[in-house]
Amino acid sequence: FHLMDEGLDSGPIIKKERFKLSEDTYIGEVYEWFEKVIPEGFVKSVCKLVSSSTLEVQKGKPLRAFPRKAEDSKLNFDVDLDWNYRLIRASSRPFSGAYAFLNNTATKVIIYRAIPDFVSYDFCAISGQIMEKSERDHSFLVAIGESVLRVIDYSVDNKSIDVSFKIVCSSMRNRLT
């Protein structure tokens with residue numbers, strides 16, 4: 001929380017709140033934290049301004065994050081697993097999700113949640129290729145280089161996960177592109 005000045009996000013700091021990110025943090029968790037912390041932070045900031053004139057001067061340059069568009073969330077299976085996993089977490093709800101297309105068609109697969117996984121065998125697969133499916137939880141494995149990603153929450157053209165599972169996992173020849 002800071003005072004406004006002629007710069008952008010550069011005014012004196014009234015109060016700081018921190019959210020500890022992990023390697024598995026999803027953007028929705030950050031937004032839930034915002035909803036909890038921001039209203040109380042405004043009240044505490046006003047109280048501090050009324051009772052004290054000591055503010056912290058910002059050091060260094062401010063960090064700017066520019067708005068993203070939905071097309072910025074397209075997965076790229078030619079890049080490594082970490083890059084794709086980060087993109088899925090950053091694009092998940094409340095945003096529109098990361099996406100790929102099924103077999104280079106207009107069939108759009110939107111991915112909201114996934115986890116890095118492993119298999120107990122060596123494999124030869126094309127990045128983006130569906131490797132395994134789980135009828136139990138409707139998840140599936142997709143190859144990314146020599147790594148594996150388990151996709152656990154997704155939708156094909158806004159269909160239910162049951163219908164989406166049947167579409168994506170209809171063949172082990174299917175690929176996300």
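The largest pocket has a volume of about 1600 Å³, in a model that is predicted. Here a pocket is an open set of points on a 1 Å grid over the protein atoms alone, where a 1.4 Å probe fits, with protein on both sides within 12 Å along at least five of seven lines. Its volume is the space filled by probe spheres set on the points, with grid points joined across faces, edges and corners.

A word on conventions: residues are numbered from 1 along each chain as its sequence is written, and side-chain values use heavy atoms, leaving out hydrogens and water. Because the model is predicted, local features need pLDDT of at least 70 and side-chain atom pairs count only at pLDDT 80 or more, while totals for chains, interfaces and linings use all residues.

**The pocket**

- The lining, meaning residues with an atom within 4 Å of a point, comprises 37 residues, with V30, W33, F34, L63 and A65 nearest the centre of the largest pocket.
- Two elements give two or more residues to this lining, α1 (27–51) and α2 (81–91); helices (H or I, at least four residues) and strands (E, at least two) are DSSP runs, numbered from the N terminus.
- Sorted by class, the lining holds 21 nonpolar, six polar and 10 charged residues. Nonpolar covers Ala, Val, Leu, Ile, Met, Phe, Trp, Tyr, Cys and Pro, charged covers Asp, Glu, Lys and Arg, and the others, Gly among them, are polar.

- β2 (residues 108–117) and β5 (residues 147–156) are antiparallel partners joined over eight bridges. In this pairing R113 stands opposite D153 in β5, and P116 has L149 as its bridge partner.

**Helices on the sheet**

**Hairpins and loops**

- β1 and β2 pair in the antiparallel sense over four bridges, with Y99 opposite I110 in β2. Their hairpin has six residues between the strands, and N103 in the turn has a positive phi of about 55 degrees.
- β3 and β4 run antiparallel and are joined by four bridges, with S134 opposite S139 in β4. Four residues lie between the strands of this hairpin, where H138 takes a positive phi near 60 degrees.
- In the loop between α2 and β1 you will find P94; the peptide bond from R93 to P94 is cis, with omega near 20 degrees.

**Salt bridges**

- The whole structure has four salt bridges, each a side-chain nitrogen of Lys or Arg within 4 Å of a carboxyl oxygen of Asp or Glu.
- One of them joins K44 and E40, whose closest N and O atoms are 2.8 Å apart. Both residues lie in helix α1, four residues apart, about one turn of the helix.

Notes. Two strands pair if DSSP finds at least two bridges between them.
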